[in-house]
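Please open the model in the viewer and display it as a cartoon.

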Amino acid sequence: CVSAGGNVATALVNAVIGNIAGIFVTPALLLRFLGTSIDLPFMQMIVKLCNKVLVPVAIGQGLRATPMKDVYTNNSKKFKRLQEYILLGIVWNAFCNAFTKGMGLGLKQSAALLVLMPILHLTSMAGLFSLFASKPLGCTKDEAVAATLCASHKTLAFGLPLISTIFQGNENLAAYSAPIMIMHPTQLVLGSILVSKFKRYIES
């Protein structure tokens, strides 16, 4: 989003709303499309998600009010590289677990996902861009780009812990995780290709 010149504030608001909504929307979608219902230990799930997501965010925001903010500012490139390494580690760990335990899908299902996910992702991006760039919404160009990229993307760093927490112990956990495992690298590749086009759109 930043590389494409998108509005950072819009991206952050979108990410927060999307991640919170995912807690409630994910089980509902599974029930609607797969006919699968599950019993969720709601309070236990909320506590786990808070420990995995909200607590680190709160600590980070708290550190911004301390001299650590200056340390980060003076070493922003190194911290950004560290962030990339940590995200890479999360992705690597997820794929290692998938290959070790299996993804719960047959060859035909995996091939279908590999073909459909890029098509669905590009289609959703095109539709969202047309929506956010339309005059009735009144979005600026950088807001339209940020909303398009964020609304069509789901990060593995949050998505996988979310799915693992909601469906912990479920026999279909691997199958539920498979789409996001395939979508994440797809997003990275397609996003990198489209960055220059979005940047030219903002600058035009």
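Helices are DSSP runs of H or I with at least four residues, numbered from the N terminus; axes are lines fitted to C-alpha atoms over the stretch in contact, and angles run from 0 to 180 degrees between N-to-C directions. The model is predicted, with local features requiring pLDDT of at least 70 and side-chain atom pairs counting only at pLDDT 80 or more, while totals for chains, interfaces and linings use all residues. Residues are numbered from 1 along each chain as its sequence is written, and side-chain values use heavy atoms, leaving out hydrogens and water.

First stop: select residues 173-203, helix α8, together with α6. The two pack at an angle of about 155 degrees, with their axes 9 Å apart. That makes α6 roughly antiparallel to α8 (an angle over 145 degrees). Next, show the side chains of K141, D142, V145, T148 and L149 in α6, which form the contact with F198, Y201 and I202 of α8 (heavy atoms within 4.5 Å). By residue class, this contact has five nonpolar, one polar and two charged members. Here Ala, Val, Leu, Ile, Met, Phe, Trp, Tyr, Cys and Pro count as nonpolar, Asp, Glu, Lys and Arg as charged, and the others, Gly among them, as polar.

Now select M125, L128, F129 and F132 in α5, which meet A144, A147, T148, L149 and A151 in α6. The contact of α5 with α6 comprises eight nonpolar residues, one polar and no charged.

How values were computed. Angles under 35 degrees count as roughly parallel, over 145 as roughly antiparallel, 65 to 115 as roughly perpendicular and the rest as oblique.
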